[in-house]
Amino acid sequence: MSISLKKGEKISLSKGNDGLSKIIVGLGWDEGKKATGLFASFKKSHHVDCDASAVILEDQKLTNNTQIVYFKNLQHSSGAVIHLGDNLTGEGTGDDEEIIVDLSKLPINYNSIVFIVNIYQAKERKQHFGMIENAFIRIIDARNNKELCRYSLTDSYVDMTAMIIGEVYREGIEWKFNALGEGTTDAHLGQVVQRYC
């Protein structure tokens, strides 16, 4: 049975899941019906295009930009982290974007993978997370497609343009998940990842 998490809660992915070696990180969102916040009077001419990314950290630091897996770099050099592709609209049910993480292949020097969702050209298009509904991140055991945990955003993120949504990290021999839910006003992914440099 999947565990529903709240912002700031952590869970062991390894406990009770012996032999867990590969996970699917599913991220989903829906475009809201009505804009709110600073841009409420702005008439949308574009879909809100959210992009999911994985930032692979060494001792909580980003060592170089090749450690970012996103729509322009779909696979980490180790083969351990693979992005399954870009969804431009968020339409439909279920996961909008998925990232596969082979925990057994991830080199030992990397101890954390941070998952970010940002709005493409948010400032130019005057878009923000107040225009997004039903955003979530979930962790799935790739062996059996069993959902291990889910974190659904419930706070107001009006005027936020990016979301540091969750983290999978290694603590000793154990893998854990942290529901972060930290909104930012960064204009693009490059600004978000500066927090880890």
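D95 counts as buried, at 19% relative accessibility, where buried means under 20% relative accessible area, exposed over 50%, and partly exposed in between, using a 1.4 Å probe and protein chains only. Keep in mind that this is a predicted model, in which local features need pLDDT of at least 70 and side-chain atom pairs count only at pLDDT 80 or more, while totals for chains, interfaces and linings use all residues. Residues are numbered from 1 along each chain as its sequence is written, and side-chain values use heavy atoms, with hydrogens and water left out.

Let's follow D95 to its partner. The side chains of D95 and R138 meet in a salt bridge, with 2.8 Å from N to O; the term stands for a side-chain nitrogen of Lys or Arg within 4 Å of a carboxyl oxygen of Asp or Glu. Because D95 sits in the loop between strand 6 and strand 7 and R138 in strand 9 (residues 132-141), this pair ties together parts that are 43 residues apart in sequence. Strands here are DSSP runs (E, at least two residues), numbered from the N terminus, as are helices (H or I, at least four residues).

R138 also forms a salt bridge with E147, and here the closest N and O atoms are 2.9 Å apart. Both R138 and E147 are buried. With R150 included, a network of salt bridges links D95, R138, E147 and R150.

Now step back to the strands around these residues. Six of them form an open sheet in the order 1-10-9-3-7-6, with mixed pairing; two strands pair if DSSP finds at least two bridges between them. At the edges are strand 1 (3-5) and strand 6 (81-83), each pairing on one side only. From one strand to the next, the twist averages 20 degrees, with axes fitted as lines to C-alpha atoms and angles running from 0 to 180 degrees between N-to-C directions.

Strand 6 runs antiparallel to strand 7 (residues 97-102), and three bridges join the two. One of the contacts to look for is I82, whose bridge partner in strand 7 is I100.

Finally, there is another salt bridge to visit, between K7 and D155, whose closest N and O atoms are 3.6 Å apart. K7 lies in the loop between strand 1 and strand 2 (10-12), and D155 in the loop between strand 10 (146-152) and strand 11 (162-171), so the pair ties together parts that are 148 residues apart in sequence. K7 is partly exposed at 45% relative accessibility, and D155 is partly exposed too, at 39%. By the rule above, the count comes to eight salt bridges.
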